[in-house]
Amino acid sequence: FRRRTVDNVIKELKIYKERYNPKFINFQDDVFTISVPWLEEFCHSYRREIGIKYLINIHPSMVNRHIARLLKEAGCWGVCMGVESGNESFRGSMLKRNESNKEIIETARLLKEAGIHLTTEFIFGLPQETAEQAWQSVELNDILRPNSTSTFVFYPFPGTELADYSRKNRLLDDEAVKMI
């Protein structure tokens, strides 16, 4: 894990702000909220020096009331929260995502309470996923009541644990691997 300094990020954003006058900034950082001290410094500087609405990706286990408030005060308009599967056991074993549905529901509540637009993300067609497990994703999403939802079909990217799993368990043959 490497994190750029807040000053470095703000300096780059000032260039983009001056050159392109963006309406939104979308940070593609899967662990944007992992360091609270970094986030506190960033939010203070961003609000003062940039002031453009922004979007981020979050992990449901990396948000609490303090973080949600910081994000909103600094201009965070929306977050994409990767839930991936509504079945806790499957999510933990297949995706190594061990947060509970209760934690995910609480994170969604905190974000909505702060006035942040919530997009949930789910992956369907994961190896060994049953129709019942897929339906549990729909049911959890209904409980979360996001502003929007993005769904994806599993794609076994080469070199990932899930691609290796798919090949080892003969869910992919040699021809499919070549095509990928």
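Which residues of H6 are buried? In this predicted model, they are Gln133, Ala134, Ser137, Leu140, Asn141 and Leu144. Viewed along the axis of H6, these buried residues fall within an arc of 115°, so they line one face of the helix. The background is the geometry of the fold itself: an α-helix has 3.6 residues a turn, so residues three or four places apart point the same way.

On the face of H6 turned away from the buried side sit the exposed residues Ala131, Glu132, Trp135 and Ile143. The buried residues pack against strand S3 (76–84), helix H4 (88–95), helix H5 (101–113), strand S4 (117–124) and strand S5 (148–153). At 1.5 Å a residue, its 14 residues (131–144) should span 20 Å, and the end C-alpha atoms are 20 Å apart, which agrees. After H6 comes arginine 145, with a positive phi near 50°.

**The chain as a whole**

The protein chain has eight helices and five strands. Read from the N terminus, the order of elements is α-β-α-β-α-β-α-α-β-α-β-α-α. Along the principal axes, the C-alpha atoms fill a box of roughly 55 × 35 × 25 Å. Of the 180 residues in the chain, 42% are buried. Among contacts between residues at least 6 apart in sequence, 71% join residues at least 24 apart.

**Pockets**

Rolling a probe the size of a water molecule over the atoms shows where empty space is left.

| Pocket | Volume |
|---|---|
| Largest pocket | about 750 Å³ |
| Second largest pocket | about 290 Å³ |

The largest pocket, with a volume of about 750 Å³, is lined by 24 residues, and the closest of these to its centre are Asp30, Glu84, Leu95, Arg97 and Ile123. The elements that give two or more residues to this lining are strand S2 (53–58), S3, H4, S4, S5 and helix H7 (161–168). S3 gives the most, with three residues. By class, the lining of the largest pocket consists of 14 nonpolar, four polar and six charged residues.

The second largest pocket, of about 290 Å³, has 17 lining residues, and those closest to its centre are Arg4, Val9, Phe27, Asp29 and Phe32. Two or more residues of this lining come from each of helix H1 (6–20), strand S1 (24–26) and helix H2 (36–49). H1 gives the most, with four residues. The lining of the second largest pocket has ten nonpolar, two polar and five charged residues.

**Valine 177**

Valine 177 lies in helix H8 (residues 174–179). The C-alpha atoms of valine 177 and glycine 92 are separated by 26 Å, and the two residues are 85 apart along the chain.

Notes
Residues numbered from 1 in each chain as written. Predicted model: local features only at pLDDT ≥ 70, side-chain atom pairs only at ≥ 80, totals over all residues. Heavy atoms only, no water. Expected span 1.5 Å × (residues − 1). Buried < 20%, exposed > 50% of the residue type's maximum accessible area, 1.4 Å probe, protein only. Arc of directions from axis to C-beta. Contact = heavy atoms within 4.5 Å. 1 Å grid on protein atoms, 1.4 Å probe; cavity = no way out; pocket = protein on both sides within 12 Å on 5 of 7 lines; lining within 4 Å. Points joined across faces, edges and corners; volume = space filled by probe spheres on them. Nonpolar A, V, L, I, M, F, W, Y, C, P; charged D, E, K, R; others polar.
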